[in-house]
Amino acid sequence: MPNPTLPLDRIIQGDCVDVLNRLPESSVDLIFADPPYNLQLRGELWRPNMTRVDAVDDEWDRFADDPDDPARAFAAYDAFTEAWLRACRRVLKETGTIWVIGTYHNIFRVGKLMQDLGFWILNSVVWVKTNPMPNFRGVRFTNAHETLIWAQKKRGARYTFNYQAMKHLNDGKQMRSDWELPLCTGDERLKINGQKAHTTQKPEALLYRVILASSNPGDVVLDPFFGTGTTGAVAKKLHRHWIGVERDETYVRLAAERIAAVQPAPFEEEVFVFQNRRNRPRIPFGALLERGLLRPGQTLYFGPKGEVQAKILADGSLMWNGFVGSIHQVASRIKNAPCNGWQHWYYEDSDTGRRRVIDELRERVRAGRLES
Ligand SMILES: C[S@@+](CC[C@H](N)C(=O)[O-])C[C@H]1O[C@@H](n2cnc3c(N)ncnc32)[C@H](O)[C@@H]1O
């Protein structure tokens with residue numbers, strides 16, 4: 001249950017450091033932060049056809065800039081970054097994780113500060129933009145990606161990662177750290193009088209993946225740089241609580257209207273709750289014997305085409321070459337490296353004669369489908 005003093009499903013207008021410092025400590029499950037980039041743009045940017053590029057030149061992205069003293073210029077941005085990262089770390093639960101998105105302008109500085117403050121980086125994810133803005137002057141490569149740092153509050157703590165859900169989202173293949181997604185365009189892009197309402201509105205698809213991967217229904221997702229409220233809109237669709245902090249009054253209003261219009265599909269546990277390492281039941285290998293899915297004396301094969309074979313003993317251990325151990329111990333002995341037996345041992349399907357990985361039998365037990 002969320003901390004009852006949290007302002008759930010609300011936008012708070014104000015400076016995120018001030019606001020976060022008033023929230024209860026260790027109360028938030030997930031943070032998504034899309035901070036100012038500190039682009040340091042000097043002058044306007046024009047296309048070859050003399051139309052002005054809609055670049056990020058907003059007031060909220062302006063920090064000190066001094067071409068003669070870059071260190072001094074960056075110091076203001078670093079101080080700001082350190083302050084909001086500290087405030088985020090205070091409100092995160094011990095089991096919580098944070099995502100920070102940025103570009104080459106800021107992400108290296110952010111990453112260094114995160115590590116200094118004790119965050120433990122789990123991944124850096126590259127958002128590969130399928131429709132990036134070209135480099136109009138042709139003086140550099142097209143800047144076609146942003147980087148997301150995913151980190152936990154403390155090294156070694158439990159945290160949510162819906163591994164299977166990510167695999168399903170990726171057509172059954174392990175989800176990789178390079179995500180190809182388009183920029184936010186079309187109807188999703190909020191407009192005021194036909195112009196973009198916000199220069200850096202993020203695509204909902206990006207937040208969908210972030211929130212689905214690293215939180216569960218009922219969790220509290222906080223965004224300290226809420227902008228148009230993309231995080232809140234997606235959190236609401238996925239039945240998470242959300243808290244947004246935004247300084248600018250216009251964005252607060254836009255985000256509130258946007259989220260109010262979201263009508264999530266009715267909550268059904270089987271649709272929105274996934275089994276992850278934390279909540280799925282542990283199935284020992286022996287359970288496959290007890291339930292008659294494999295039998296004592298049966299042969300297991302190491303790999304789908306592997307020549308190496310082991311015999312299943314009645315107590316659920318394997319015997320290979322005179323060595324007896326668990327599916328993991330025998331697999332590790334064969335590979336001479338730590339090894340997850342569920343993914344390496346195959347049995348012969350008596351109906352088709354084809355080899356199938358034993359992990360499929362474990363999934364059947366989990367799902368309660370016990371017919372062989
Ligand atoms: C990069 S944008 C976030 C865009 C957002 N992810 C979206 O999808 O619309 C950063 C936002 O942070 C806000 N902001 C900047 N400094 C802030 C601060 N100190 N406290 C709260 N909001 C701030 C800006 O007004 C801006 O809307």
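## Helices H6 and H7

H6 and H7 are roughly parallel to each other, because angles under 35 degrees count as such and the two helices pack at an angle of about 15°. Their axes lie 9 Å apart, with H7 spanning residues 249–260. The crossing of this pair is right-handed. The model described here is a predicted one.

On the H6 side, Thr230, Gly232, Ala233 and Lys236 take part in the contact, and they meet Arg258, Ile259 and Ala260 of H7. By class, the contact of H6 with H7 comprises three nonpolar, two polar and two charged residues.

## Helices H5 and H6

H6, which covers residues 230–237, also packs with H5, which covers residues 204–214. The angle between H5 and H6 is about 55°, and their axes are 9 Å apart. That angle makes H5 oblique to H6. H5 passes H6 in a right-handed crossing.

H5 contributes Glu204, Leu207, Tyr208 and Ile211 to this contact, while H6 contributes Thr230, Thr231, Ala233, Val234, Ala235 and Lys237. Six of the residues in the contact of H5 with H6 are nonpolar, two are polar and two are charged.

## Helices H2 and H3

A further packed pair is formed by H2 (residues 70–91) and H3 (residues 107–117), whose axes come within 10 Å and cross at roughly 45°. H2 and H3 are therefore oblique to each other. H2 passes H3 in a right-handed crossing.

From H2, the contact involves Phe74, Tyr77, Asp78, Thr81, Glu82, Leu85, Arg86 and Arg89; from H3, it involves Arg109, Val110, Leu113, Met114 and Leu117. The contact of H2 with H3 consists of seven nonpolar residues, one polar residue and five charged residues.

## Surroundings of the ligand

There are 21 residues around the ligand, of which Asp15, Asp34, Thr228, Thr230 and Glu246 come nearest.

Terms used. Residues numbered from 1 in each chain as written. Predicted model: local features only at pLDDT ≥ 70, side-chain atom pairs only at ≥ 80, totals over all residues. Heavy atoms only, no water. Axes fitted to C-alpha atoms, helices over the stretch in contact; angles between N-to-C directions. Helix = DSSP H or I, 4+ residues; strand = E, 2+ residues; numbered from the N terminus. Parallel < 35°, antiparallel > 145°, perpendicular 65-115°, else oblique. Left-handed = near helix turned anticlockwise from the far one by under 90°. Contact = heavy atoms within 4.5 Å. Nonpolar A, V, L, I, M, F, W, Y, C, P; charged D, E, K, R; others polar. Near = heavy atom within 4 Å.
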